[in-house]
Amino acid sequence: MTKFVIRRMRQPDDYAAVAPILNTIWSEPTTAERLKEEEDKIPPGKLHYDEDGRLMGWDRPKWVAEDGEGQVVGYAIASRAPWTEPGTLFQTVVVQPDSQGRGIGRALYAALYEWAGEVKASRLIDYIRESDESSIAFAKRRDYVQERHMFESVLDLEAFDGGGLYDSIAEAERAGIRFVTLADEPGAASERKLYELYKETHPDIPGYAGDFPWFEEWRKWNIDSAGVRPEWFHIAKDGERYIGAVALQQNEQTRAMYHDYTCMLREYRGRRITLALKMLAVRTAISCGVPYLKTHNDSMNGPMLRINRDLIGFRAEPGNYKMVRELG
């Protein structure tokens with residue numbers, strides 16, 4: 001049997017080796033620089049417990065597997081943020097394809113599981129590619145249960161013809177709705193209004209649990225993230241009220257854009273305003289020479305799936321299963 005060792009990840013030294021391993025399971029590629037940039041935004045771990053003894057706070061321990069030649073061939077992470085549901089840890093365990101079947105995944109998971117026990121976590125959550133049968137089987141053998149299905153959808157823009165779908169923009173405007181971008185209305189006041197819109201609409205996402213981050217953290221991950229620009233936040237307004245929005249984020253490697261978030265206040269739904277926002281985003285992506293748009297939707301989010309797939313024509317791609325293990 002090939003020898004390997006499990007050790008804590010060395011940051012930032014191991015990012016160059018970890019990025020291509022993550023790219024074997026992520027639908028959009030990342031880089032060592034991007035991983036470091038994201039990690040630098042996160043304060044050092046500080047866990048605590050609520051009055052019921054449930055795990056709170058945040059931390060992100062990481063492990064890697066090294067083969068006999070000192071090459072990193074596997075990676076695992078357990079993470080939570082202060083707004084994560086009490087007791088819950090999110091996890092990822094991945095082994096590069098040509099090193100699978102040697103017990104490396106089991107060893108990485110054992111290290112992660114041991115740490116989860118030490119901090120008294122009560123639930124582990126992993127998102128596994130629906131086409132990754134071996135990883136799904138690995139999880140089920142360890143008492144993980146499939147809780148939800150996240151669909152992935154792709155819109156090829158080079159041959160896209162929106163036709164009459166763009167009419168939804170003018171229809172909304174005739175009804176008194178105005179469309180602006182964050183570049184049109186820059187500044188802290190607009191960002192606060194957008195934050196409140198996100199905060200109010202997030203609980204409507206099927207399967208959403210936990211709290212919502214405070215403004216400074218939200219801004220860090222939404223406004224200041226790599227691949228995000230103010231002109232790529234399209235906002236629907238009724239008077240001075242922000243009622244809906246769609247945000248785009250670009251991957252520098254593929255040049256593709258991701259529909260990072262789409263929202264609409266409940267009382268404005270069913271009026272094709274969300275479709276208008278989507279079409280504004282499509283038009284923006286086309287003007288930027290983007291090859292394709294990508295998004296994810298929960299299988300229970302029928303209205304958004306209808307807009308994306310039935311109306312606009314996003315193509316279905318393999319998504320992810322939310323796999324959950326209760327730890328007691």
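Colleague: How many residues does H6 have, and how far does H6 reach from its first C-alpha to its last?

Modeller: This is a predicted model, to be clear. H6 has 14 residues and reaches 20 Å, close to the 20 Å expected at 1.5 Å a residue.

Colleague: Which residues of H6 are buried?

Modeller: Ser 190, Glu 191, Leu 194, Tyr 195, Leu 197, Tyr 198 and Thr 201.

Colleague: What puts them on the same side of H6?

Modeller: The arc they cover around the axis is only 160°, so they sit on the same side of H6. The face turned away from that buried side carries the exposed Ala 188, Ala 189 and Glu 200.

Colleague: Why does Glu 191 count as buried?

Modeller: Buried means under 20% relative accessible area. Glu 191 comes in at 11% relative accessibility, so it counts as buried.

Colleague: Which residues does Glu 191 touch, leaving out those up to four places away in sequence?

Modeller: Leu 182, Phe 215, Trp 218, Arg 219 and Ile 223.

Colleague: And what do the buried residues of H6 pack against?

Modeller: H7, plus strands E10, E11 and E12.

Colleague: At what angle do H6 and H7 pack?

Modeller: About 95°, with their axes 11 Å apart. Angles of 65 to 115 degrees count as roughly perpendicular, and therefore H6 is roughly perpendicular to H7.

Colleague: Which residues make that contact?

Modeller: From H6, Glu 191, Arg 192, Leu 194, Tyr 195 and Tyr 198; from H7, Phe 215, Glu 216, Trp 218, Arg 219 and Asn 222. The residues of this contact split into five nonpolar, one polar and four charged.

Definitions and conventions
Residues are numbered from 1 along each chain as its sequence is written. This is a predicted model: local features need pLDDT of at least 70, side-chain atom pairs count only at pLDDT 80 or more; totals for chains, interfaces and linings use all residues. Side-chain values use heavy atoms; hydrogens and water are left out. Buried means under 20% relative accessible area, exposed over 50%, partly exposed in between (1.4 Å probe, protein chains only). Contact means heavy atoms within 4.5 Å. Axes are lines fitted to C-alpha atoms, for helices over the stretch in contact, and angles run from 0 to 180 degrees between N-to-C directions. Helices (H or I, at least four residues) and strands (E, at least two) are DSSP runs, numbered from the N terminus. Angles under 35 degrees count as roughly parallel, over 145 as roughly antiparallel, 65 to 115 as roughly perpendicular and the rest as oblique. Ala, Val, Leu, Ile, Met, Phe, Trp, Tyr, Cys and Pro count as nonpolar, Asp, Glu, Lys and Arg as charged, and the others, Gly among them, as polar. The expected span of a helix is 1.5 Å times one less than its number of residues. The arc is that of the directions from the helix axis to the C-beta atoms.
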